[in-house]
Amino acid sequence: MSQHFLLSKAAKTLSLAQVFRMSDAEAEMAFKAIRWASTAGAPICPSCGSVEAYEARRPNGSLRFRCKGCKKDFTITSGTLFASHKLPLRGYLAAIAVFCNEVKGKSALALSRDLGLSYKSAFVLLHKLREAMAEEMKGRVIGGEGKTAEVDGGYFGGYVKPANQKEYRRDRRYARNQNGKRKVVVVVRERGGNSVPAVFGSESQAAAFIRARIAKGTVVHADEAASWDGLHERFEMKRINHQEAYSFDGACTNQAEEYFSRLRRAEIGIHHHIAGAYLLRYAQESSWREDNRRVSNGDQVNRIAALALKRGKSVDFTGYRQRHAR
């Protein structure tokens, strides 16, 4: 019996012990190498792009650079998702490592306990990491000639607690008995490739999204839901009736179902509740984890850190608070 990838040596290239043993200087070197990889860690001014900068540490010893060209000061995290940070850089590396080591996800409460942060700080930090993950999915188009993609939808949120007595219970399958908070996550996933999720009020609203994210010439697999009938005009379709079989006559959506299995386990076992406003972020996180499930944890940490340092400041999360940037 072959060994599972997560149990292999190749999957474990970074440990939390290594991160916590780092000195401040080593953490600074690691972040410089990730952010300014093109110059081998030499700082580049975010204002004018000059490579002529020198160290001008603050009185408390924290690292700061001063540009010889525009005379402006900047740090390793200036203009990034980690801008205006108060945690030491080693703390951010530890947070990313903890986040990557969890297969289904990491709760903000657990991270706050692990790193000694307030719940709010941990909540905002994790959403910034999810925002970094989502950068890889912007404009992503999957499939193409000779390739296969799967389409499926899963409903999340909007739980309605049943009444205590049987005679007062309502049939929650009807829209009139729901609270309006239930949303559907629609995922398009290429077999042997990447996936792209999106959130809608109903599956029928996802038609335009699917057409834009799947290239022409792709063979699309879907279930028998009427929401996917309109895709026959653009793609060669293979449909599977899940009431009869999960895979039949070459048609199945098992890989899309694998994605929903991960997201559902994250909702039930890790987060317990996913609010509608954040559902897309959690869906994108699960998509990134599913696409990179055969990548070592060290490479995952480097990729997420690079995405966070490449992306500009967050619009929804500024500093350690949940608010729109002014």
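C45 is buried, with a relative accessible area of 3%. This is a predicted model. A search of the whole structure finds zero disulfides.

**Cysteines**
- The cysteine sulfur closest to that of C45 belongs to C70, at 3.6 Å.
- That is too far for a bond, because a disulfide needs the two sulfur atoms within 2.5 Å.
- C48 is in no disulfide either; its nearest cysteine sulfur, in C67, lies 3.5 Å away.
- C48 is partly exposed, at 43% relative accessible area, whereas C45 is buried at 3%.

**Helix crossing: α2 and α9**
- Helix α2 spans residues 24-35 and helix α9 spans residues 297-310.
- Their axes come within 9 Å and cross at roughly 70°.
- That makes α2 roughly perpendicular to α9, because angles of 65 to 115 degrees count as such.
- On the α2 side, the contact is made by F31, I34 and R35.
- On the α9 side, N302, A305, A306 and L309 take part.
- By type, the contact residues divide into five nonpolar, one polar and one charged.

**Annotated domain**
- An unreviewed UniProt entry lists residues 141-291 as "domain: ISXO2-like transposase".
- Over residues 141-291, the chain is 25% helix and 25% strand.
- The end C-alpha atoms of this stretch are 14 Å apart.

**Q243**
- Q243 sits in the loop between β8 (236-240) and β9 (247-248).
- Its relative accessible area is 78%, so Q243 is exposed; the cut-off for exposed is over 50%.
- Q243 and D223 are separated by 20 residues in sequence. In space, their C-alpha atoms are 9.9 Å apart.

**Q255**
- Q255 lies in helix α7, which covers residues 254-271.
- Q255 is partly exposed, with a relative accessible area of 25%.
- Leaving aside neighbours within four places in sequence, Q255 is in contact with E150, R189, E190, R191 and G192.
- P59 and Q255 are 196 residues apart in sequence, and their C-alpha atoms are 54 Å apart in space.

Technical notes:
Residues are numbered from 1 along each chain as its sequence is written. This is a predicted model: local features need pLDDT of at least 70, side-chain atom pairs count only at pLDDT 80 or more; totals for chains, interfaces and linings use all residues. Side-chain values use heavy atoms; hydrogens and water are left out. Axes are lines fitted to C-alpha atoms, for helices over the stretch in contact, and angles run from 0 to 180 degrees between N-to-C directions. Helices (H or I, at least four residues) and strands (E, at least two) are DSSP runs, numbered from the N terminus. Angles under 35 degrees count as roughly parallel, over 145 as roughly antiparallel, 65 to 115 as roughly perpendicular and the rest as oblique. Contact means heavy atoms within 4.5 Å. Ala, Val, Leu, Ile, Met, Phe, Trp, Tyr, Cys and Pro count as nonpolar, Asp, Glu, Lys and Arg as charged, and the others, Gly among them, as polar. UniProt positions are given in the numbering used here, feature names are shortened, and annotations may be inferred rather than shown by experiment. Buried means under 20% relative accessible area, exposed over 50%, partly exposed in between (1.4 Å probe, protein chains only).
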